[in-house]
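Colleague: I would like to learn how such a model is read, feature by feature. Could we take the surface and then the contacts between side chains?

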Amino acid sequence: EPRGTAGVSAKSNGEIPLLSPHQATERCDTMKVMLTTPNSKKECLAIMGNYESYHLQKWMRLPVTENKPIQSALPLRHVSKSHKGNGRAMQIPSQTQTLRWWSILKTYFQSIDSVLK
């Protein structure tokens, strides 16, 4: 069977067949599962042959300008995993934010050993 065609037969015309869980896993010695939130947005998943990696890349039709929502006419571009459809992404804390919370974090690290005993 040619590489990458497992589960696809001449009868299926290249379409992904609908299989029972038993049929879908009967030839698997290892199974990898990707979890994602099902949504009604136009989301696609691509599985490509390459070196083994557990990193998921995220591509969206977002403008390069920050904080602008998805625009379907734009090409897909690689974005961070924290990007949302509205164009916003989680930001690295600023120095001011880090210093504000540092004393609480310091207290936590200084007492963690006694708490875990």
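Colleague: Which residues form a nonpolar patch on the surface?

Modeller: This is a predicted model, in which local features need pLDDT of at least 70 and side-chain atom pairs pLDDT 80 or more, while totals for chains, interfaces and linings use all residues. Residues are numbered from 1 along each chain as its sequence is written, and side-chain values use heavy atoms, leaving out hydrogens and water. Patches consist of residues with over 30% relative accessible area and no salt bridge, joined within 9 Å for like charges and within 5 Å for nonpolar side chains (Val, Leu, Ile, Met, Phe, Trp, Tyr). Here Trp102, Leu105, Tyr108 and Phe109 form the nonpolar patch, with about 450 Å² of accessible area together, the areas coming from the Shrake-Rupley method with a 1.4 Å probe and only the protein chains shown as cover.

Colleague: Is Phe109 buried or exposed?

Modeller: Buried means under 20% relative accessible area, exposed over 50%, and partly exposed in between (1.4 Å probe, protein chains only). Phe109 is exposed because its relative accessible area is 51%, whereas Tyr108 is partly exposed at 47%.

Colleague: Which residues meet in a salt bridge?

Modeller: Side chains of opposite charge can pair when their charged atoms come close. A salt bridge is counted for a side-chain nitrogen of Lys or Arg within 4 Å of a carboxyl oxygen of Asp or Glu. A search of the whole structure finds 1, in which the side chains of Lys32 and Glu52 meet at 2.0 Å, N to O. Both Lys32 and Glu52 are exposed.
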